[in-house]
Amino acid sequence: MSMAGTADSPLDIVTKQFESIYKTSPTVFSRAPGRVEVLGNHTDYNEGVVLSAAIDREVWVAVSKSSSAECRLTSGIFPESVVISKIEPLKSRNRWANYPLGVYRTLLDRGYPVAPFNLAIHSTVPLGAGVSSSAALEVATALALCGLFGFEVDPAELAKICQSAENHFVGANCGLLDQFSSMFGRAGHLLFSDFRSLYHNAIPIAAGDVTLAITLSGVTHSLVAGEYNSRRRECFEAAKFFQAKNPEQKTLRDVSMAELKSAQAELDPQFFKRAMHVVGEDERVFSAIELLKSGSMKEFGALLYQSHESSIHNFENSCRELDILVDIAKSIAGVYGARLTGGGFGGATLTVLKTEAKDRFGETIVQEYKKRTGRNTTVHFARIADGASIV
Ligand code: ADP
Ligand code: MG
């Protein structure tokens with residue numbers, strides 16, 4: 001708290017943190033938001049389309065040039081600072097530092113003029129809550145380093161550099177959606193991304209006062225990675241079936257719903273269902289854009305419910321707890337729609353609701369979920385926010 005009794009801004013907090021650790025002042029600041037997938041489930045690796053939103057939870061990064069060959073990193077949520085001169089992934093403690101170090105290393109490897117730095121992190125993005133704190137940290141780091149060393153990178157390219165850092169330096173599998181949303185999101189808009197062309201565009205939400213609720217089921221099913229990989233493979237197998245007939249059709253993005261349905265008898269039933277989900281999600285994204293433009297929020301919300309149904313029956317990446325969360329959300333006045341968000345098999349649901357319904361939603365979902373599952377849920381309410389920037 002400041003002397004005036006008002007809460008310190010994130011800028012104040014990260015500055016103080018930086019100064020207390022490094023005994024010098026930061027020279028560049030950046031911020032990057034968390035994100036949520038709104039519609040378009042498991043479409044990114046099928047070269048499909050997604051609607052997502054940047055949210056008002058942000059990672060703030062402060063940096064200065066290092067006067068030695070060492071990089072120094074500190075985060076408000078981890079007790080130890082990291083001092084490192086050889087930029088290799090940390091294996092034991094302090095793995096968190098691999099996210100910013102991975103971005104640095106990837107920039108270095110690609111010939112950008114970066115050099116050792118001091119870095120402090122302050123964040124309000126919850127970790128592991130399905131809103132991609134990792135991408136927010138990477139994107140904030142990337143922008144801070146561009147600012148500090150005075151070079152520019154096309155933002156889409158920078159997002160890809162961050163993804164590459166997470167894939168290869170951290171060693172975590174993530175699609176480009178996370179970094180794209182953190183980079184390009186816009187307040188009052190949903191971000192449309194096309195993962196074939198990498199075209200992206202902000203779509204205004206005509207119906208004013210909308211809040212997003214990210215509701216954590218509290219369950220993670222143990223076979224997630226295996227299930228995730230098998231779904232991926234099934235999608236690629238389905239695409240191969242079409243490619244064998246027409247070499248132009250390389251991914252599920254190239255297959256229309258009509259073509260898919262007419263191939264049902266010949267296609268492996270499992271592959272057919274996976275493809276129904278992915279092709280259906282692409283269709284729903286395009287329908288959603290039209291509905292958003294006309295402010296038809298009820299119909300937009302219906303697409304979220306349809307997406308969840310498709311997860312249950314076609315993609316089979318839902319679970320009892322997620323179904324219950326969606327079911328409860330559906331019963332609450334002021335809710336437009338709800339669905340599982342992200343990978344599935346546990347994790348979180350997203351609910352789009354009128355802001356005035358927030359309290360009612362929070363109370364009801366916590367109580368009812370406890371009653372029906374014996375479990376506790378955590379709800380993160382968020383507003384749609386602007387993408388990353390150098391401050
Ligand atoms: P998420 O869904 O939140 O992205 P991940 O497991 O992909 O979950 O990323 C979370 C990891 O990112 C954390 O365990 C930590 O290593 C790193 N991280 C995220 N936020 C911070 C932060 N504020 N400070 C340091 N590390 C962070
Ligand atoms: Mg992540």
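Author: Start with L198. L198 is partly exposed, because its relative accessible area is 23%. Keep in mind that this is a predicted model.

Reader: Where does L198 sit in the chain?

Author: L198 is in the loop between strand 6 and strand 7. Look at its backbone too. L198 is not a glycine, yet its phi is positive, near 65 degrees.

Reader: Which phi does K23 have?

Author: K23 has a positive phi of about 55 degrees, and K23 is not a glycine either. K23 belongs to the loop between helix 1 (10-22) and strand 1.

Reader: Is K23 buried or exposed?

Author: K23 is exposed, because its relative accessible area is 69%. The cut-off for exposed is over 50%.

Reader: Let us turn to rings. How is a pair of aromatic rings described?

Author: Two values are used: the distance of the centres and the angle of the planes.

Reader: How many aromatic pairs does the structure hold?

Author: There are 12 aromatic pairs. One of them joins F180 and F184: the ring centres are 5.0 Å apart and the planes stand at 70 degrees, so this pair is edge-to-face. The cut-off for edge-to-face is over 60 degrees.

Reader: Are F180 and F184 buried or exposed?

Author: Both F180 and F184 are buried. F180 has a relative accessible area of 0%. F184 has 17% relative accessibility, so F184 still counts as buried. The cut-off for buried is under 20%.

Reader: What is the geometry of the pair F180 and F195?

Author: The ring centres of F180 and F195 are 5.7 Å apart, with the planes at 55 degrees, so this pair is tilted. F180 lies in helix 5, and F195 lies in the loop between strand 6 (189-194) and strand 7 (200-204). The pair therefore ties together parts that are 15 residues apart in sequence. F195 is buried, because its relative accessible area is 10%.

Reader: Which residues form one aromatic cluster?

Author: Y45, Y228 and F236 do. The charged end of R232 sits over the ring of Y45, at 4.7 Å from the ring centre.

Reader: What lies over the face of Y305?

Author: K330 does, 4.8 Å from the ring centre.

Reader: Next, pockets. What shows where empty space is left?

Author: Rolling a probe the size of a water molecule over the atoms does. In this model, the largest pocket holds about 1,100 Å³ of space.

Reader: Which residues are the closest to the centre of the largest pocket?

Author: They are R35, G130, D178, G342 and G343, out of 42 residues in the lining. Sort the lining by class and you get 16 nonpolar, 21 polar and five charged residues.

Reader: Which elements each supply at least two residues of that lining?

Author: Among them are strand 1 (28-39), helix 3 (133-149) and helix 5. Strand 8 (210-220), helix 6 (224-245) and strand 10 (346-354) also each supply at least two. Now think in domains. Domain 1 (10-205) and domain 2 (210-382) each give at least three residues to the lining of the largest pocket.

Reader: How are P89 and P247 placed?

Author: P89 and P247 are 158 residues apart along the chain, with 41 Å between their C-alpha atoms. P89 is in the loop between strand 4 (82-84) and helix 2 (98-109). P89 is partly exposed, at a relative accessible area of 33%.

Reader: What about S193 and I121?

Author: S193 and I121 are 72 residues apart in sequence, and 28 Å apart in space from C-alpha to C-alpha. S193 is in strand 6. S193 counts as buried, because its relative accessibility is 0%.

How values were computed. Residues numbered from 1 in each chain as written. Chains lettered and ligands numbered in written order. Predicted model: local features only at pLDDT ≥ 70, side-chain atom pairs only at ≥ 80, totals over all residues. Heavy atoms only, no water. Phe/Tyr/Trp six-rings, centres within 6.5 Å; stacked < 30°, edge-to-face > 60°. Buried < 20%, exposed > 50% of the residue type's maximum accessible area, 1.4 Å probe, protein only. Helix = DSSP H or I, 4+ residues; strand = E, 2+ residues; numbered from the N terminus. Lys NZ or Arg CZ within 6 Å of the ring centre and 35° of its normal. 1 Å grid on protein atoms, 1.4 Å probe; cavity = no way out; pocket = protein on both sides within 12 Å on 5 of 7 lines; lining within 4 Å. Points joined across faces, edges and corners; volume = space filled by probe spheres on them. Nonpolar A, V, L, I, M, F, W, Y, C, P; charged D, E, K, R; others polar. Domains from an automatic or database assignment.
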